[in-house]
Amino acid sequence: MAPAIEARGIGVTFRGGGRAIQALDAIDLAVAPGEFVTVLGASGSGKSTLLRVVADLVAPTRGTIEVLGGSPAQARQRRAMGFAFQDAALLPWRTALQNVMLPLQVGSGAARAGTRTPQDLLALVGLAHRGDALPAELSGGERQRVSLARALVGSPDILLMDEPFGALDELVRDRLNEELLRVWRDTGCTIVFVTHSIQEAAFLGSRVIVMHTGPQGGCESVAVDLPRARTLAIRETGDFLRITSRLRHALEAGTVAA
Ligand SMILES: Nc1ncnc2c1ncn2[C@@H]1O[C@H](COP(=O)(O)OP(=O)(O)OP(=O)(O)O)[C@@H](O)[C@H]1O
């Protein structure tokens, strides 16, 4: 099966103010359709930049990237990708339901209709009863759920998530992690999820991409060989601890002190 995302030798150098910052280098990555991949790395290792290259928000300086068999720009124009970020970025004057509907109403060519209505998507994230609430009336976790529902409008093939639960307290984050796995199973979409958290990376991913820092660049892929039907209890198992310890070592080995 052709990969949903395939990057070969990707590098990004930002230039400005007479300086060049190498944000990413020598990244090879292939993500299979329907796979849930998490991206873990130290601050500044280029996690967000990698996601932004896939999203067609940053052009790579080196290397090639294909998304769904074409360029990232083509995938974006087809609205084949959904996005969710740490800041839920909801419009404060629109209700939860109206925020979810936004991609259908703005931009050049509204989002493709998708198989689920905005109301269905709110129900999918457990907010069927809060459609009329304004963002200010919602908790942080509920706002992120609305953001997730909005990202799923148009039934995207790929969901790109940049630390969406990073600002939430741990218990809410745990619950949303479980819910995200359910949403992933229900929708069958490919997910690339950036996080700082070793636990979150291991709990969610079928595979973790550990970003290296320093001049050598690159990344390492670590398989998470746990059953795919996961509840939070799996984090208490020896197998889970073995994987998180492996990830910690991979992070340390790939991190060059500044
Ligand atoms: N638009 C930009 N212009 C200049 N430098 C940038 C830009 N975006 C990112 N960088 C730099 O590129 C490097 C990688 O940044 P990036 O945000 O991708 O890292 P990250 O791993 O996501 O970090 P964090 O975990 O702290 O969010 C950093 O040194 C950052 O300062």
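In what order do the six strands of the open sheet stand? The views below begin with that sheet. This is a predicted model: local features need pLDDT of at least 70, side-chain atom pairs count only at pLDDT 80 or more, and totals for chains, interfaces and linings use all residues. Residues are numbered from 1 along each chain as its sequence is written.

**View 1. Six strands form an open, mixed sheet.** The order is β5-β6-β7-β3-β8-β9. Strands here are DSSP runs of E with at least two residues, helices are runs of H or I with at least four, and both are numbered from the N terminus. Two strands pair if DSSP finds at least two bridges between them. β5 (81-85) and β9 (219-223) are the edge strands, and each pairs on one side only. On average, neighbouring strands are turned by 20° against each other, direction ignored. Angles run from 0 to 180 degrees between N-to-C directions, and axes are lines fitted to C-alpha atoms, for helices over the stretch in contact.

**View 2. β6 (residues 158-162) pairs with β7 (residues 190-195) in the parallel sense.** Five bridges join these two strands. M161 stands opposite F193 in β7. Helix α1 packs on the sheet and touches β3 (36-40), β6, β7 and β8 (207-211). Its direction makes about 155° with that of β7. Contact means that the C-beta atoms of two residues, placed from the backbone, lie within 7 Å.

**View 3. Three strands form an open antiparallel sheet.** Their order is β2-β1-β4. β2 and β4 (62-67) each have a single partner strand, so one side of each is left without a neighbour in the sheet. The twist averages 30° from one strand to the next. β1 (residues 5-16) and β4 pair over five bridges. In this pair, E6 stands opposite E66 in β4.

**View 4. Twelve named residues surround the ligand: F14, I21, A23, G41, S43, G44, S45, G46, K47, S48, T49 and H196.** A residue counts as near if its C-beta atom, placed from the backbone, lies within 6 Å of the molecule. β2 (19-31) and α1 (47-54) are the elements that give two or more residues to this shell. α1 gives the most, with three residues.

**View 5. Helix α3 (residues 96-105) packs against helix α5 (residues 140-151).** The angle is about 30°, and the axes are 8 Å apart. That makes α3 roughly parallel to α5 (angles under 35 degrees count as roughly parallel, over 145 as roughly antiparallel, 65 to 115 as roughly perpendicular and the rest as oblique). A96, N99, V100, L102 and P103 of α3 meet V146, A149 and R150 of α5.
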